[in-house]
Amino acid sequence: METYDVVVIGAGFAGLTAARDLRAAGSSVLVLEARERIGGSTWYQPDAFDGFGLEMGGTWIVPQQSHVFAEVRRYGISVTDSELPDRMTWSDHGEVLDTLLPVSPQEYGELEHALRALVAAGERIDPLRPLTEQDLADLDVPIRQWATEAGLGGNARELLISWFCGCANAHEDTASALDVIRWLAAMDNSLWGMVQASVLGYTFTHGTASLARAIAEDSGAEIRLSSPVEKVHAEDDGATISYRDGRVRAGRVLVTVPIGVLRDIDFTPRLPADKLAISAENHAGQGQKIWALARNVPEDLSGFGWGTDFDYVGAMGTIERGVVLVCFAPEHDRVDADDLADVQRAVREFAPHAEVVDAHTHPWVHDEYSKGTWATFRAGQFAKYELAVGRPEGRVHFAGSHTARRWRAFIDGAIESGKRAAAEILAEA
Ligand SMILES: Cc1cc2nc3c(=O)[nH]c(=O)nc-3n(C[C@H](O)[C@H](O)[C@H](O)COP(=O)(O)OP(=O)(O)OC[C@H]3O[C@@H](n4cnc5c(N)ncnc54)[C@H](O)[C@@H]3O)c2cc1C
């Protein structure tokens, strides 16, 4: 049987980064990837709208994400800063407000309170340390509950809840408020920075694929595509990995598949109860990212809404057929991307005269190799699983953005976790 020092399962940013670092240290590495492409939860489609490339998954990065920016610099990858809109658009249940701020002067006090409460919560968090070590259980509650307990009111409350759901790509009664407030802490408690980290940061000029390819090529590791791993049989002296078309042997295995997918691989010995439990529960990131091409919308639309189906609709460029809009919803069935009339209905909550002429999405929630979008924890999952997800089990190691510290659930977190796991494996050699 073919034998490698390490078999890496999954060719997303975590797996590719780990493979590169392991190879650089002299290990023989095979990467087994289920899909017919690398990149995992990032997927750049260069020709989607008449040659205007669309990111179906991970898109924005910010300079505070030191791991991804180090890779961008290392490979000379071109990135583009977002162009800021002239003003933000606020939609209150589909009614576009004619105001600069999301609330009227009568509610400025509520807005100030909401922002103070958010910053006060963010200042309690050290994003470099496990959150479960920091006495933050009161924040690890559903978003809506946190808003109530923090005493938020008026439109400021509605906007904050909806914005959090946008950051989480998850429902307000499911997602952990802590996992969103953590973004603020990771941005050194800059609220504007947190907005940038969500939808107004830098994008990859030639798509996320440009960085994934650079890391893969640099690694020199063999990557077998269309090779879903079915079984991992670990013993004292190594492991046998069975995938669709064969079996290989490895000294160590690095598993980088998304949380909800982990339980689809048959491990011997069985994975411990905590890893199986979080895989069964899955994370809260079960929303939508839909691209729409529309006429009669402002070319710099950047719209935040509450009581709307999309929580965010923003312009990403203009082509002859219309303005390219990126839209997010916190649940996977809010908007039917196959039905242009339904997409148009939802976009009109931000741009009342919009005429949607095209739409495109990838159903990450229904994709068997992701089972969700990005890995926002459900309320209460930090306490139970934060440390469990990345804990090695004998010769089997675990990485993936869901195991990262500062930028968990981001591209940066995936890279951080890949580096961490490679170092962990090398330390065992
Ligand atoms: C819609 C969307 C929008 C996002 N927006 C942003 C953003 O703007 N900025 C940002 O930083 N992040 C964003 N993210 C998150 C970011 O893309 C992810 O956190 C990151 O790419 C995850 O990388 P990973 O390597 O941990 O996991 P993945 O990229 O998911 O890689 C895991 C790999 O494992 C493979 N796999 C699964 N099962 C098996 C198996 N049985 N055998 C072999 N291979 C298997 C999968 O096919 C996949 O390639 C977004 C994600 C989505 C989906």
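This report walks through the ligand site, the nonpolar cores and a few backbone details of a predicted model.

## Ground rules

In this predicted model, local features need pLDDT of at least 70 and side-chain atom pairs count only at pLDDT 80 or more, while totals for chains, interfaces and linings use all residues. Residues are numbered from 1 along each chain as its sequence is written, and side-chain values use heavy atoms, with hydrogens and water left out.

## Around the ligand

Let's start with the ligand, which is surrounded by 37 residues (each with a heavy atom within 4 Å of it). Glu33, Ser41, Val229, Ser401 and Ile411 are the closest. By type, the shell holds 21 nonpolar, 13 polar and 3 charged residues (Ala, Val, Leu, Ile, Met, Phe, Trp, Tyr, Cys and Pro count as nonpolar, Asp, Glu, Lys and Arg as charged, and the others, Gly among them, as polar). Helices α1 (13-24) and α13 (411-428) each supply at least two shell residues; helices (H or I, at least four residues) and strands (E, at least two) are DSSP runs, numbered from the N terminus.

A polar side-chain atom of Ser41 lies 2.7 Å from a ligand oxygen, and a polar backbone atom of Ser401 is 2.7 Å from a ligand oxygen. For Ala409, a polar backbone atom is 3.2 Å from an oxygen of the ligand. Taken alone, the ligand exposes 1000 Å², and the protein buries 97% of that (areas from the Shrake-Rupley method with a 1.4 Å probe).

## Nonpolar cores

The largest nonpolar core has 68 residues, of which Ile143, Trp146, Trp163, Phe164, Ile181 and Phe304 touch the most other members. Such a core is a set of buried Ala, Val, Leu, Ile, Met, Phe, Trp, Tyr and Cys residues joined through side-chain atoms within 4.5 Å; buried means under 20% relative accessible area, exposed over 50%, partly exposed in between (1.4 Å probe, protein chains only). Helix α5 (residues 154-168) gives the most to this core, with 9 residues. Apart from it lies another core, of 31 residues, including Val6, Phe13, Val29 and Ala421.

Leaving aside neighbours within four places in sequence, Trp146 is in contact (heavy atoms within 4.5 Å) with several residues, among them Leu118, Leu160, Phe164 and Ile181.

## Backbone details

Thr268 and Pro269 are joined by a cis peptide bond, with omega about -5 degrees. Pro269 sits in the loop between β13 (266-268) and α10 (273-281).

Asp135, although not a glycine, has a positive phi of about 55 degrees. This aspartate is in the loop between α3 (108-122) and α4 (143-149), and Asp135 is exposed, at 67% relative accessible area.

How values were computed: A polar contact is a pair of N or O atoms within 3.5 Å; within protein, one must be able to donate a hydrogen and the other to accept it, and residues adjacent in sequence count only if both atoms are side-chain atoms.
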